[in-house]
Amino acid sequence: MSDAKASPAPVHSKRKIQLVDFLLQFRWILVIFFVLPFSCLYYFSIYLGDIKSERKSFKQRQMEHEENVKEVVKRLGQRDASKDGLVCTARPPWVVVGMRNVDYKRARHFEVDLSKFRNILEIDTERMIAKVEPLVNMAQISRVTVPMNLSLAVLAELDDLTVGGLINGFGVEGSSHIFGLFSDTVVSLEVVLADGRVVRATKDNEYSDLFYAIPWSQGTLGLLVSAEIKLIPVKEYVKLTYKPVTGNLKELAQAYADSFAPRDGDQDNPSKVPEMVEGMIYSPTEGVMMTGEYASKKEAKQRGNVINNYGLWFKPWFYQHAQTALKRGEFVEYIPTRDYYHRHTRSLYWEGKLILPFGDQFWFRFLLGWLMPPKIALLKATQSEAIRNYYHDHHVIQDLLVPLYKVGDCLEYVHREMEVYPIWLCPHRIYKLPVRPMIYPEPGFEEHKRQGDTKYAQMYTDVGVYYVPGAVLRGEPFDGTEKCRQLELWLIENHGFQAQYAVTELTEKNFWRMFDGGLYEKCRRKYKAVGTFMNVYYKSKKGRKTEKEVQEAEQEKAEEESPEVDEPAED
Ligand SMILES: NC(=O)C1=CN([C@@H]2O[C@H](COP(=O)(O)OP(=O)(O)OC[C@H]3O[C@@H](n4cnc5c(N)ncnc54)[C@H](OP(=O)(O)O)[C@@H]3O)[C@@H](O)[C@H]2O)C=CC1
Ligand SMILES: C=C(/C=C/[C@@H](C)[C@H]1CC[C@H]2C3=CC=C4C[C@@H](O)CC[C@]4(C)[C@H]3CC[C@]12C)C(C)C
């Protein structure tokens, strides 16, 4: 019998208005007078740091990198296992992009400061590789590579996302139906292990197990100090086609699949598969599918073509602009490539609407649009406990990774249980690998020859569900915690995965039903992470860590080491 039972029919009683409703309603005052100006200064100081970094030669950056790695090794060596806590990075909880409370950083732990690791170390145009440190963020890398007509193969959308977070967690973008997740575009990882050894892990060297185990491990196998990432050639513009679709949710899901996955299975044929894809579902009956191709400046500037300089501060928010296709019909425009990559940043997808309800109005965009977006770190630093809890209890921010053929079911589930719109759809491959990492395709998927699948990868979709649920908008009760728990069970039953930046209610048993722990545990023991780094479930679990939990985590020992696993790793 199904574990993830659908909830009973909606209760139409009214939810009591609480203090937090007022806090949210008037949050814009704090945002306009404090968060936005300080965000601007914050962004500017980061920008100055980037410029300072860019003025150094690659050689100098590499030399500094080597010194900084030595400092990390030294710091790890200073840890006294008998009294210090387990290791994690020194990034404060409020600085990170995710929704989790990062409670493990509020309990006993041993911090390693990686803040100096913010340089682009090399752009190798022959190997088509960017070597970067883990705190390099998406805005920084696109600012350097796009003018060179190069880009990371998967360039995650929000400016502030870091390479370290995207590799140790997950990253996805409109090109992921070709290249997979962010971690699939990584060529090598330079990692400081628990015992202080610095190793370079690639797909096919002696550390290939570590290479495959690091994605989704949340920094619990070692400290990443640099990564080589695949670059692709790009052009100055993206020619974007907005196609409106109507029908029921299953029909919308099919139209979305048809927008990038040829029904004849010719998924690797560039003439049939667009270079970029995303879908927006605006209601149970309406959506807009967007497909993009890189285009040269010459092509974009040809007579009759519409250029949309989307980076200009007063431009309408992207999801609203795309929605106009429902009224005006299919249209095409040329967007400068970097503006396209960061198209959802200014409005934080559509979460900006709740934070600044008039942020999308023309007068606001024109006067203050240049200050947008508020820095997520400052929003988090200034949100009270009440607002934080509100986001857990009466809001949904989740990314659901589901097989493409289940997108229709997933949309119906989300509609029935949460009624959140708009919904973001972004296809991505999950590769069949020689080993089984934490996330993996459905066993035997290739036999079904489903739309989007190839012999070597199953096509998935990131279903992004962010916003206020219908019940909450109507003033009815909504139990966010229970809805989240049910959603996670639905994902487990449907071979789906939950993005780890989002809040989770998973028990440890269910966490390891969703994610595969085989390779991860093996690497934890082989690379002596047990007893030095926290366990990924301990990091993910919601709620303050009790002293008992902290002690248990610190005392965790690899009790069932199999001899084959226990072999010391070679240098
Ligand atoms: N478009 C997209 O793909 C989007 C992705 N996201 C997700 O948001 C998350 C947050 O991003 P961000 O703020 O950049 O990352 P975080 O700083 O939140 O890092 C995420 C995890 O990775 C670990 N980590 C980060 N850097 C290192 C390192 N150098 N060595 C070892 N472990 C490391 C962190 O460990 P520790 O806890 O020790 O600090 C943490 O557990 C990402 O994981 C990403 O998946 C969110 C929005 C959009
Ligand atoms: C995963 C993706 C995108 C996700 C974004 C929509 C969310 C990622 C982090 C989210 C936020 C973090 C912290 C916040 C502070 C709160 O006070 C308000 C909400 C928010 C700004 C929140 C908003 C949604 C996110 C930006 C990709 C894969 C598309």
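User: Hi! Which element gives the largest share of the lining of the second largest pocket?

Analyst: Hello! That is α2, which contributes five residues, the largest share of that lining. Keep in mind that this is a predicted model.

User: Good to know. What is the volume of that second largest pocket?

Analyst: Its volume is about 780 Å³.

User: And how many residues line the second largest pocket, and which lie nearest its centre?

Analyst: The lining has 27 residues, and those nearest the centre are Ala-139, Asp-159, Arg-338, Met-372 and Pro-373. By class, 13 of the lining residues are nonpolar, six are polar and eight are charged.

User: Which elements each supply at least two residues of that lining?

Analyst: They are α2 (27-55), α4 (138-145) and α12 (337-341). In terms of domains, domain 1 (56-231) and domain 2 (235-496) each provide at least three residues to the lining of this pocket.

User: What about the peptide bond from Tyr-421 to Pro-422, cis or trans?

Analyst: That one is cis as well, and omega is near -5°. Pro-422 is in the loop between α17 (407-417) and β14 (423-431). For context, most peptide bonds are trans.

User: Thanks. Now Trp-216: is its phi positive or negative?

Analyst: Trp-216 has a positive phi of about 75°, although it is not a glycine. In general, most residues other than glycine have a negative phi. You will find Trp-216 in the loop between α7 (208-213) and β8.

User: Let's switch to the ligands. How many residues surround ligand 1, and which are the closest?

Analyst: Ligand 1 has 28 residues around it, with Thr-89, Tyr-104, Lys-105, Thr-162 and Phe-170 the closest. Sorted by class, that shell has 14 nonpolar, 10 polar and four charged residues.

User: Which residue has a side-chain N or O atom 2.9 Å from an oxygen atom of ligand 1?

Analyst: That would be Gln-218. The backbone takes part too: a polar backbone atom of Val-97 is 2.9 Å from an oxygen atom of ligand 1. On the nitrogen side, a nitrogen atom of ligand 1 is 2.9 Å from a polar backbone atom of Leu-224.

User: How much of the area that ligand 1 exposes when taken alone does the protein bury?

Analyst: Taken alone, ligand 1 exposes 890 Å², and the protein buries 93% of that. The elements giving two or more residues to its shell are β1 (86-89), α5 (163-168) and β8 (223-233). Of the shell around ligand 1, α5 provides the largest share, four residues.

User: On to ligand 2, then. Which residues come nearest to it?

Analyst: There are 19 residues around ligand 2, and Arg-27, Val-97, Tyr-349, Gln-383 and Asp-399 come nearest. A polar side-chain atom of Arg-27 is 2.7 Å from an oxygen atom of ligand 2. For Gln-383, a polar side-chain atom lies 2.5 Å from an oxygen atom of that ligand. Ligand 2 exposes 620 Å² when taken alone, and 95% of that is buried by the protein.

User: What is the residue make-up of the shell around ligand 2?

Analyst: The shell splits into 13 nonpolar residues, one polar and five charged. In that shell α15 (376-382), β13 (396-403) and β15 (457-467) each supply at least two residues, and α15 gives the most, with three.

User: Why do you say ligand 2 lies between domain 1 and domain 2?

Analyst: Because domain 1 (56-231) and domain 2 (235-496) both give residues to the shell around ligand 2.

User: Last topic: how many cavities of 30 Å³ or more are there?

Analyst: The count is four. The largest cavity holds about 160 Å³ of space.

User: Which residues lie nearest the centre of the largest cavity?

Analyst: Of its 17 lining residues, Tyr-391, His-392, His-395, Gln-398 and Cys-484 lie nearest the centre. The largest share of that lining is five residues from α19. By class, the lining has nine nonpolar, five polar and three charged residues.

How values were computed
Residues numbered from 1 in each chain as written. Chains lettered and ligands numbered in written order. Predicted model: local features only at pLDDT ≥ 70, side-chain atom pairs only at ≥ 80, totals over all residues. Heavy atoms only, no water. 1 Å grid on protein atoms, 1.4 Å probe; cavity = no way out; pocket = protein on both sides within 12 Å on 5 of 7 lines; lining within 4 Å. Points joined across faces, edges and corners; volume = space filled by probe spheres on them. Nonpolar A, V, L, I, M, F, W, Y, C, P; charged D, E, K, R; others polar. Domains from an automatic or database assignment. Near = heavy atom within 4 Å. Polar contact = N/O pair within 3.5 Å; in protein donor to acceptor, adjacent residues only side chain to side chain. Areas by Shrake-Rupley, 256 points an atom, 1.4 Å probe, with all protein chains shown as cover.
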